[in-house]
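Here is a note for a colleague who is opening this structure for the first time. The points are numbered so that each can be checked against the view.

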Amino acid sequence: MSDTSPKPEATPDVAPIAALIDPMPAAPPRSQWLDVWDQFRRHKGAMAGAVVLILIILLVFVGPWFWPYEASHIDIRSRNQGPSWAHPMGTDQLGRDMLARLMAGGQTSVSVGITAMLLALFLGSLVGVLAGYFRRLDGLLMRLTDLFLALPLLPLMLVMVLLFRDKLNGAFGPETGIFILIVVAIGVTSWMPTARIVRGDVLALKEQEFVLAARSIGTTNLRMILRHVLPNVLSPIMVSATLGIANAIITESALSFLGLGFPPDFPTWGRLLFDATDYLQQHPERVFWPGLAISLTVLSANYLGDGLRDALDPRIRGR
Amino acid sequence: MLTFTIRRLVIAIPTLLFISLAIFLLLELAPGDPMAQVPLTVPPEVKAKMREALGLGEPVYIRFFKWIIQFFWVEPQVLIDNLLGTGFADGKLRILSWQTRSPVMDIVAQRLPQTLTVVGLSYVLGVLLAMPIGIYSAYRQYSFFDQIGTFISMVGYSVPTFFTGVLLIVIFSVTLGWFPSIYDTMHQVNDWDSLVIQIKQMIMPVSVLALYNAAQISRFMRASMLDNLNQDYVRTARAKGLSEKVVVLIHVLRNSMIPVVTVIALGVPQVFGGAIITEQVFKVNGLGHLLIGAIEANDLPMVQTLTFIFAVLIVLFNLIADVLYSLLDPRIRYE
């Protein structure tokens, strides 16, 4: 058959019926993410949260390059100083600059938060997608999720840190060892909410026509999940990600605060707060900065998560 | 309804068994040796005997089975004995702590009241505080009160208890000297003055936990009220000419309480877990403090039992939440 279709009979006299013409939108089409951004921008708390969070991360990772003091530099002659121009947050009992330690601690805390969140997100999405997509795995995986939700998490995390600290320290060195341990401890104990949400969304998604269409042209399960399912459950995963960072930072700080986190010479925000409580009578101001850093980071991450949830929810969007 | 409750109870048993097995196996990997404190001059034979006395000589599954028997069979008998003065548990071996060589459950029973007074009171206060805030915030959505309330609850939810606790200590103990920073468990209340002291030492730990709980619950309360305020039945109630008070406080509130009650029930075990940190901040001599001490001293029977008690609390309150949900909402009937 040739490509050139026969010309339709010319009917110049008859005007097309107005109702039969497809209405052409005047504005160019908008992508989904543009709508999301528009909604997100209107949420003041979320915008403020995003700005503060980015500022904190920049300060913590770029700040040390511009700051003359090393976090571990001991200057015993200038110990226990109050705030001054040289040391805006004072110095600790060994004369280490508190601002430098706060930034170094922030690097660890934020890295732990992000890495643990990624691990929890990976586990949660994996379990959620598998449980939602493969009917046979559903019962088993959801029982597993219920079981994990019934575990007393903080006590178990404390026990895990106690049990594996020395082994991992021996294998990877004291800093990397405890980093891996805490990230894994937080990751394997916080994937359950993500898994549940993702499973619910996948279950609903599986019944839609485009999945049937993709199936009918012979899409394999792997490609179906990667190409059609995952992009569509991205919004709950993104919300879980921001809330997960907040959760992971709090958990890490709590572990460090209980003395079962990072070693003393390796600052994190929780550890700094814990160390400062020993000098509560003499230098109460030392408690303030690490605590404020934790609170501000978590608060902004929570606001960001709230705003994202609203922006990504099509029922709220455009209202 | 009854069948549902019974079925859930039956499902809870394997869950609990599995959790106890998981905790047991995790602790099995513990590197610490309970004999580490014994002097080196003690000959190895004697050490082996001492190990056996601690119940360490036998294979894992026998020890697990023994622990299960002790926890689920012997300890309840001890409880009945103490309550009724009977002698069921005479001569039976109980779970012994390696630190003190005394039964774990006796120590738990000593520590439980401290945790319950502080945690329980703070939870009740938190709920009482959260409900009016949540209701009013939702009723006047986007008003000044709502903006402030939402912001404070977000802050209360984000700021960790170990920071609020330490901050309160700095302000009220170190600077102002109003309240003691350490909770005195031995303090006995027998007259007015000692009651005042007791209240003073309870104010800070209770308010820290209450603030955190109130922040979480008021967010749920507000969201739940908002969901209901736009429903058709509210318009109907108003159209009937009912007063605004009746509409909001009876019609809307009752329906909004359904999810909130389950959240409150589900939050109870979490509060026990979170209290570990608050107890550590204020040196409250409760269950959390006991757990941290046991972990640091490598007292495995104590850690095992305490962790399992926390697990039992979680499973129990999950069950309570499910049952409450179906009781409160007649549309939901699990059969």
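**Notes on chains A and B**

1. Gln304(B) touches Ser20(B), Ile23(B), Phe24(B), Leu27(B) and Trp67(B), when residues up to four places away in sequence are not counted, contact here meaning heavy atoms within 4.5 Å. Gln304(B) is part of helix H11 of chain B, residues 300-328, where helices (H or I, at least four residues) and strands (E, at least two) are DSSP runs, numbered from the N terminus. With a relative accessible area of 3%, Gln304(B) is buried; the word buried stands for under 20% relative accessible area, exposed for over 50% and partly exposed for what lies in between, with a 1.4 Å probe and protein chains only.

2. On the basis of the note: this is a predicted model, in which local features need pLDDT of at least 70 and side-chain atom pairs count only at pLDDT 80 or more, while totals for chains, interfaces and linings use all residues. Residues are numbered from 1 along each chain as its sequence is written, chains are lettered from A and ligands numbered from 1 in the order in which they are written, and side-chain values use heavy atoms, with hydrogens and water left out.

3. Chain B as a whole has 11 helices and zero strands, and its C-alpha trace spans about 85 × 60 × 40 Å along the principal axes. Of its 335 residues, 44% count as buried. Among the contacts in chain B with a separation of 6 or more, 69% come from residues 24 or more positions apart.

4. Chain B is divided into domain 1 (35-97) and domain 2 (110-328), with bounds that come from an automatic or database domain assignment. The contact between them takes six residues from domain 1 of chain B and seven residues from domain 2 of chain B, and the C-alpha centres of the two domains lie 37 Å apart.

5. How much area is buried between domain 1 of chain B and domain 2 of chain B? The value is about 550 Å², of which carbon and sulfur atoms give 74%; buried area is the accessible area (1.4 Å probe) that two parts lose on being put together, summed over both. Trp67(B), Phe71(B) and Ser97(B) supply 72% of the area that domain 1 of chain B buries against domain 2 of chain B, more than any other three residues.

6. Between the two domains of chain B the count is zero salt bridges, a salt bridge being a side-chain nitrogen of Lys or Arg within 4 Å of a carboxyl oxygen of Asp or Glu.

7. Between the chains, 39 residues of chain B are in contact with 37 residues of chain A, and the area buried between chain B and chain A is about 3,300 Å², of which carbon and sulfur atoms give 84%. Phe162(B), Phe163(B) and Ile295(B) supply 18% of the area that chain B buries against chain A, more than any other three residues.

8. Across the interface of chain B and chain A there is one salt bridge, in which the side chains of Arg219(B) and Asp306(A) meet at 3.9 Å, N to O. Helices that each supply at least two residues of the side of chain B that touches chain A include helix H1 (2-28), helix H6 (161-175) and H11 of chain B. H6(B) gives the most to that side, with seven residues, and the residues of this side of chain B divide into 32 nonpolar, five polar and two charged.

9. Ala301(A), in helix H12 of chain A (residues 285-312), is buried with a relative accessible area of 2%, and its C-alpha atom is separated by 5.8 Å from that of Ala246(A), 55 residues apart along the chain. Leu253(B) lies in helix H9 of chain B and counts as buried at 15% relative accessibility; leaving aside neighbours within four places in sequence, Leu253(B) is in contact with Ile135(B), Met221(B), Met225(B) and Val248(B).

Key
Nonpolar A, V, L, I, M, F, W, Y, C, P; charged D, E, K, R; others polar.
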